[in-house]
Amino acid sequence: MKRLIFLLILPCLVVNANAQKYMTKNGFIGFYGHTPMEDIKADNNQVASVLDISTGELVFQVLIKSFHFDRALMEEHFNENYMESDKVPKSIFKGRITNLSSVDFKKIGSYDVTVEGDLTIHDVTNKITTKGSIEVISEGINANSKFNIVPEDYKINIPGLVRDKIAKSLEVTVTMKYSPLPSK
Amino acid sequence: MKQLSVFILIVLFPSLLLAQDDLMNLLNQNTAPETNYTTATFKSTRIINGHSIERMLPGQLDFRISHRFGMLNSGAYNLYGLDGPANMHFSLEYGIFNWLMIGVGRGSYEKTFDGFTKFSILRQSTGVREMPVSVSVFTSAALNSLKWTDTSRTNYFSSRLSYTAQILVARKFSQGFSFQLTPSFVHRNLVGTELDPNDLYAIGAGGRIKLSKRISLNAEYYWLLNANNQYMSQPIYNPLSIGVDIETGGHVFQIMLTNSLAMIEKGFIGETTGQWRHRDIHLGFNISRVFTLKKYPQKKQ
């Protein structure tokens, strides 16, 4: 009987002791595009993301209206004319770390990873693969990545009039500081 | 015993195998719902002549130049008004706080200097905080700087002044359609004769239909409540304007047909002498160019 109770409790203990899921609600995603006529730069410090270190799966949720530009008018046009934020308020990413075995989440250090998954922007989903790094620190996990996206791939229509001002490809920077999600 | 441990494994194992969708649900459970404020109810701070609910955000400067050409019924010799006489108005308008913008301007109509403040009281929103309409309060003062026509009598400086107060109530019904009601009050310190009322009351209505993402069709009408043309020294009519907004990045071009010549409230509400049915119509345009003087502050969350 004692062994039975032990067996019952053990799995629960394992789940509680090793936090499997890490979360952040104020991760950073920014993008930058440069043309001789205009630089376009926006920051979003309210990105929500969950990383499951047991499976390497991770998801991101980005509220489009939380992207802030230096120029208020640019921000309005971004939401109104390009992203149509009232119709499509969120962008999401669902993916996983493909080389999970090369990361030791128990050992403090920095690890190079490859992430692949589905990126949905403006209701258009594309498969992307990108390189990044996972940094295991004592308080949690940091994740960083940089990749390029092409607005046209997501049916974001840029009219001829302003095509010279908006870069064909935008550099996206992702900086996440995850902390363990207490299991309920 | 063995059976039991297998059973326990089966029961507990799925919790370790959360799929991405479950991660997404987890994310949704852990993020608070937000208030989503409506933006871009109109493309510009004017519907056509009158102010719209739109405001300059803090640190943004709007430089506006507006023209109203001569009357369409002046014929081909006058190129339907394009040869003039044209009226112009230019202004600098600035957002101080998220809820306050101010502006100063000068118009050739009665050589008028004008200044205004616009307070954003309520903003249309959905989500945590639901608000069906946006409401702003607009106040302005105008100074007529024409030389006195009658220098034999005592002319007071205050006689040059007139004031306007408006409540702007607007709703963006959909991406394509916005509508605004504008109860207005105009006070003139000095009027032409004692038959003319010093105080005028009017209700404005204006709306826009988007033709494409960057082009919208606008219309605006002010209904004068207490003008009695039988007795007034100069008959005045309700201003009706129809126009198109074209937005090109930092500029908004507004091109319109209107029966009023003035581009400030006191003028187009109280002194519109032209009538559409007599084709006393002016072609006109407003050009708005927005400059960023200060970085737009990030919203706190």
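Helices (H or I, at least four residues) and strands (E, at least two) are taken as DSSP runs and numbered from the N terminus. The structure is a predicted model, in which local features need pLDDT of at least 70, side-chain atom pairs count only at pLDDT 80 or more, and totals for chains, interfaces and linings use all residues. Residues are numbered from 1 along each chain as its sequence is written, while chains are lettered from A and ligands numbered from 1 in the order in which they are written.

Chain B contains 3 helices and 14 strands. Its radius of gyration, taken over C-alpha atoms, is 26 Å, whereas a compact globule of 301 residues would have a value near 19 Å; the globule rule is 2.2 Å times the number of residues to the power 0.38. Along the principal axes, the C-alpha atoms of chain B fill a box of roughly 115 × 45 × 40 Å. A residue is termed buried if 20 or more other C-beta atoms, placed from the backbone, lie within 10 Å of its own, exposed if 12 or fewer do, and partly exposed in between. By this criterion 35% of the 301 residues of chain B are buried. Two residues are in contact if their C-beta atoms, placed from the backbone, lie within 7 Å. Of the contacts in chain B between residues at least 6 apart in sequence, 59% join residues at least 24 apart.

In chain A, strand β3 (residues 57-63) has 6 of its 7 residues buried and is therefore largely enclosed by the rest of the structure. Strands are treated as paired if DSSP finds at least two bridges between them. Strand β2 (residues 39-52) of chain A runs antiparallel to β3(A), to which 5 bridges join it; Asp52(A) has Glu57(A) in β3(A) as its bridge partner. The hairpin of β2(A) and β3(A) has 4 residues between the strands, and Gly56(A) in this hairpin takes a positive phi near 80°. β3(A) also pairs with strand β5 (residues 90-97) of chain A, in the antiparallel sense and over 7 bridges, with Phe60(A) opposite Phe93(A) in β5(A).

A further set of pairings in chain A involves β6, β7 and β8. β6(A) and strand β7 (residues 124-136) are antiparallel and share 13 bridges, and Thr120(A) stands opposite Thr125(A) in β7(A). Their hairpin has 2 residues between the strands, and His122(A) takes a positive phi near 55° there. β7(A) and β8(A) are linked by 5 bridges, again in the antiparallel sense, and Glu135(A) has Asn142(A) in β8(A) as its bridge partner. The hairpin that joins β7(A) to β8(A) passes through 4 residues.

A nonpolar core is a set of buried Ala, Val, Leu, Ile, Met, Phe, Trp, Tyr and Cys residues joined through C-beta atoms within 7 Å. The largest such core has 40 residues, of which Leu51(A) and Tyr178(A) touch the most other members. Two or more residues each are given to this core by β1 (21-34), β2, β3, α2 (72-82), β5, β6 (109-121), β8 (141-149) and β9 (170-180) of chain A. β2(A) provides the largest share, 5 residues. Beyond residues up to four places away in sequence, Leu51(A) touches Tyr22(A), Leu58(A), Ile141(A), Ala143(A) and Tyr178(A). Another core, of 14 residues, lies apart from the largest one and includes Ala202(B), Ala227(B), Leu261(B) and Ile264(B).

In helix α2(A), the buried residues are Ala72(A), Leu73(A), Met74(A), His77(A) and Phe78(A). These residues pack against β2 and β4 (68-69) of chain A, together with β2 (60-71) and β14 (282-292) of chain B. Just after α2(A), Glu84(A) takes a positive phi of about 50°.

Two positions in chain B were examined individually. Gly250(B) is placed in the loop between β12 (240-248) and β13 (251-258) of chain B, and counts as partly exposed because 16 C-beta neighbours lie inside 10 Å. Excluding neighbours within four places in sequence, Gly250(B) is in contact with Leu73(A), Arg289(B) and Val290(B). Gly250(B) and Pro235(B), 15 residues apart in sequence, are 40 Å apart in space, C-alpha to C-alpha. Ala205(B) lies in strand β10 (residues 199-210) of chain B and is partly exposed, with 15 other C-beta atoms within 10 Å. Excluding neighbours within four places in sequence, Ala205(B) is in contact with Leu181(B) and Tyr221(B). The C-alpha atoms of Ala205(B) and Gly50(B) are 9.7 Å apart, at a sequence separation of 155 residues.
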